[in-house]
Amino acid sequence: MSLILHILDETLVKRYIVEFHERDFSGVLPRELKVAKVRGKATAIIGPRRAGKTYYLFSILKEDPQKYLYVDFENPVFYPMTARDFIRVLDAYRELYPEIQKPVVMLDEVQAVPDWERLVRYLLDTGHEVYLTGSSSKPLSAEVATHLRGRALTYTLFPLSFREFLLFRGVEYGERAFYRNYTRIKALLGEYLEYGAYPEVALAPKEAREPILKEYLNVMIKRDVLERHRVRNVYLLNELLYLSLRSYAKYVSIDSLYRLLKGRLKVTKMTIANYLTYLEEAFFLLLLRKYERSPKARVVAPRKLYLIDTGLSLFGSKDIERDMENAVFIELMRMKSSNPRLEFYYWKSPSGHEVDFVVVEERRVKELIQVSADLSDEKTRRREFLALLNASKELKCKNLTVVTLNEEGVERVELYGMKGEIKLVPLTKWLLGREALRNEPETQLPV
Ligand SMILES: Nc1ncnc2c1ncn2[C@@H]1O[C@H](COP(=O)(O)OP(=O)(O)O)[C@@H](O)[C@H]1O
Ligand SMILES: [Mg+2]
């Protein structure tokens, strides 16, 4: 047996550091995510591959890059790497910048380092400010919770909000500008729903968008699902993938998937459940639970499936109304990232009335949101309103909203003895004007 000693090449490391500090960061656009810096705690940014985590770190360090030791663990210079090796990287930095004893350390795609929790703890214990990123929800948040026990604050970075999207496209929307640029903003909402909101896609010319998304999807599935979990039943995974791309904003349950697939495939419910979890951890999809009083009922009810980005549905079947609902859901998730006390559910009554989103804060139902592209058909209008009124009565919440494509106003509705005031809000305005529900970043705490 031979003992291979891996030694980091000091010259390469120093070259990496110097070259990094000399990079041009002028093209890095600001993001909305606000992180609270708490002394002695690391800041963890998780989110789907390509959502902009690396650039987010750049947006923080660009003011004064030399104060930061940024390490990209996907760069071969740092592969393989252990916590112990990293001390030598720190030494290399200090030799280059003897006047800065404690750089802010940024560990990008940290899950590539096997004992990274140890490294983070060491850095915190020696008084460094630490940022870390990862492209999977599980390894990172679970590890953070167990090994770093409250020593890191975790934030999720999603693809661009519509506000960020407009900023990336150079369109102002504040106050009067919203009306001045209204036609343009409406057209951009169409693009936002069609191609989604990955930063690179937002900046790319039209013809390049679909190929970029295709590549993102392939890499995400290959690296974050197939390889990470050594998936054996690739055929089943593909089936689940395409089902998700076709059935986003619809209900799924392990049972219904099992019934659908068992005729064609040798599957078990366990495998289906596992693969869905992998897809969820890779941030490909998100599952929304049903609002139920009893926790047990919450667990067994079907979930609603949403995609991390509406652009991905280009590879399934596009539907404007479901794209709208998906975009609203991801925006709600963005809010949750800056206010973890928020919870979201869907609501469905035994008689079949459905409300898309129930907004809960500290056990209180704060708002009921319905998404409906077009209410001009009398039957649709009645169905959506009736569902809201039913939910309003049962959940004791009078704050009712229908997010529409165009219609705006307030309706006083009375049906079957139930009364309510319903706000109709066009999606453009809804996506741009949610600041009120956001909390100050200082309130984000739990990991
Ligand atoms: N804030 C930003 N400003 C400008 N371009 C961005 C920004 N964020 C992301 N991008 C574009 O998207 C690509 C992917 O972003 P990146 O930060 O590498 O994602 P992640 O680290 O989450 O995988 C970048 O290479 C860049 O082209
Ligand atoms: Mg990155």
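The answer below begins with the sheet in question and then turns to the other parts of the chain.

A: This is a predicted model, in which local features need pLDDT of at least 70 and side-chain atom pairs count only at pLDDT 80 or more, while totals for chains, interfaces and linings use all residues. Residues are numbered from 1 along each chain as written, chains are lettered from A and ligands numbered from 1 in written order.

The mean pLDDT (the predictor's confidence in each residue, from 0 to 100) is 91 for the chain, with 93% of residues at 70 or more.

The sheet in question is open and has three strands in the order β6-β8-β7, paired in antiparallel fashion (strands are DSSP E runs of at least two residues and helices H or I runs of at least four, numbered from the N terminus; two strands pair if DSSP finds at least two bridges between them). Its edges are β6 (250–252) and β7 (285–288); each has a single partner strand, so one side of each is left without a neighbour in the sheet. From one strand to the next, the twist averages 45°. Strand β8 (residues 303–307) is antiparallel to β7 and is joined to it by four bridges. Among the residues involved, Leu-287 has Leu-305 of β8 as its bridge partner. Helix α15 (residues 320–338) packs on this sheet and touches β7 and β8, its direction making about 90° with that of β8 (axes are fitted to C-alpha atoms, for helices over the stretch in contact, and angles run from 0 to 180 degrees between N-to-C directions).

Elsewhere, five strands form an open sheet with parallel pairing, in the order β2-β3-β4-β1-β5. Here the edge strands are β2 (68–72) and β5 (152–156); each has a single partner, so one side of each lacks a neighbour in the sheet. The twist in this sheet averages 15° from strand to strand. Within it, three bridges join β3 (residues 104–108) to β4 (residues 130–134) in parallel, and Met-106 stands opposite Tyr-131 in β4.

Strand β14 (residues 418–426) runs parallel to β12 (residues 400–404), with five bridges between them; Thr-401 has Lys-423 of β14 as its bridge partner. On the antiparallel side, seven bridges join β14 to β13 (residues 409–415), and Arg-412 stands opposite Glu-421. β13 and β14 form a hairpin with two residues between them, and Tyr-416 in the turn has a positive phi of about 50°.

Ligand 1 is surrounded by 14 residues, the closest being Gly-52, Lys-53, Thr-54, Tyr-55 and Pro-199 (C-beta atom, placed from the backbone, within 6 Å). Helix α2 gives the largest share of this shell, four residues.

Two stretches call for caution: pLDDT stays under 50 over residues 1–5, which have zero contacts beyond four places in sequence, and over residues 435–447, which have 26 such contacts.

Methods: Contact = placed C-beta atoms within 7 Å.
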